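Here's a friendly walk through a protein model. Have a look at the picture first, and then we'll go through some of its details together.

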Number of protein chains: 2
Amino acid sequence: MPKPLKHVFVCSQQRPNGHPRGSCAQKGSEDVLKRLKEALIKRGAHKRIRACGSGCLDLCEIGAAVLQEPDHVAYGKVTLDDVEELADCVVEGRVCERLVVFPEKAP
Amino acid sequence: MPKPLKHVFVCSQQRPNGHPRGSCAQKGSEDVLKRLKEALIKRGAHKRIRACGSGCLDLCEIGAAVLQEPDHVAYGKVTLDDVEELADCVVEGRVCERLVVFPEKAP
């Protein structure tokens with residue numbers, strides 16, 4: 001059964017302006033997701049690597065937050081300028097070290 | 001920095017009635033997500049295990065689809081009746097074998 005082998009989750013949480021936690025959507029995550037989907041299509045990788053929006057990843061403090069799975073690393077403060085490099089990394093099976101805020105550890 | 005160590009993504013994709021791919025939301029995924037969040041809170045595990053809605057995981061054929069990361073396994077046809085067992089498994093660091101549709105493999 002064909003299916004994505006990797007998922008890249010871009011937090012799409014929106015909160016009202018002035019909310020103390022802020023939100024990834026306020027920090028441009030929706031455009032990041034759109035551009036990342038395009039970048040994966042451009043590389044012919046969108047069938048095996050799926051870019052998805054997600055609800056709050058509880059990583060608000062590093063928004064716009066992106067989670068690369070199953071590598072299980074979190075990228076922080078991701079902007080449109082980072083998307084092409086991020087796409088290259090994930091397509092080549094690498095972690096984009098420059099953007100890693102913390103490598104997550106399984107419990 | 002406190003952060004979730006595990007994420008459980010519940011596909012929240014909605015499509016119009018009659019759409020050939022169907023959608024996880026039509027198969028009850030929104031209630032599954034709500035109940036799963038409650039189940040994690042009840043177990044005091046919601047700080048280390050995050051249940052999130054997500055955009056289409058591209059697993060429509062097994063909806064309602066749930067992805068447990070970083071274990072990287074996909075659960076299929078998940079219903080409200082499965083949620084307590086699923087929560088027990090993820091809290092105990094196990095995979096809920098009964099619900100696994102396929103263990104995903106990293107590329």
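## Starting with one arginine

Is A:Arg43 buried, exposed or partly exposed? With a relative accessible area of 24%, A:Arg43 is partly exposed, since buried would mean under 20% and exposed over 50%. Keep in mind that this is a predicted model.

So who does this arginine pair up with? A:Arg43 makes a salt bridge with A:Asp88, and their closest N and O atoms sit 2.8 Å apart. A:Arg43 is in the loop between helix 1 (29–42) and strand 2 (49–54) of chain A, while A:Asp88 belongs to helix 2 (residues 83–91) of chain A, so this bridge ties together parts 45 residues apart in sequence. A:Asp88 is also partly exposed, at 31% relative accessibility.

Over all chains, the structure holds 20 salt bridges.

## Over in chain B

In chain B, B:Arg43 and B:Asp88 join their side chains in a salt bridge, 2.8 Å from N to O. This one links distant parts of the chain: B:Asp88 is in helix 2 (residues 83–91) of chain B, and B:Arg43 is in the loop between helix 1 (29–42) and strand 2 (49–54) of chain B, 45 residues apart. B:Asp88 is partly exposed, with a relative accessible area of 31%, and B:Arg43 counts as partly exposed at 25%.

Another chain B salt bridge brings B:Arg98 and B:Asp82 together, at 2.9 Å from N to O. B:Arg98 lies in the loop between helix 2 and strand 5 (100–103) of chain B, and B:Asp82 in the loop between strand 4 (73–75) and helix 2 of chain B, so the bridge ties together parts 16 residues apart in sequence.

Helix 1 of chain A has 14 residues and spans 20 Å from its first C-alpha to its last, close to the expected 20 Å.

Which residues of this helix are buried? In helix 1 of chain A, they are A:Ser29, A:Val32, A:Leu33, A:Leu36, A:Ala39 and A:Leu40. These cover an arc of only 125 degrees around the axis, so they end up on the same side of helix 1 of chain A. Their cover includes strand 1 (6–11), strand 2 and helix 2 of chain A.

Turned away from that buried side, the other face of helix 1 of chain A carries the exposed residues A:Lys34, A:Ile41 and A:Lys42. Just after helix 1 of chain A comes A:Gly44, with a positive phi of about 65 degrees.

Terms used:
Residues are numbered from 1 along each chain as its sequence is written. Chains are lettered from A and ligands numbered from 1 in the order in which they are written. This is a predicted model: local features need pLDDT of at least 70, side-chain atom pairs count only at pLDDT 80 or more; totals for chains, interfaces and linings use all residues. Side-chain values use heavy atoms; hydrogens and water are left out. A salt bridge is a side-chain nitrogen of Lys or Arg within 4 Å of a carboxyl oxygen of Asp or Glu. Helices (H or I, at least four residues) and strands (E, at least two) are DSSP runs, numbered from the N terminus. Buried means under 20% relative accessible area, exposed over 50%, partly exposed in between (1.4 Å probe, protein chains only). The expected span of a helix is 1.5 Å times one less than its number of residues. The arc is that of the directions from the helix axis to the C-beta atoms. Contact means heavy atoms within 4.5 Å.
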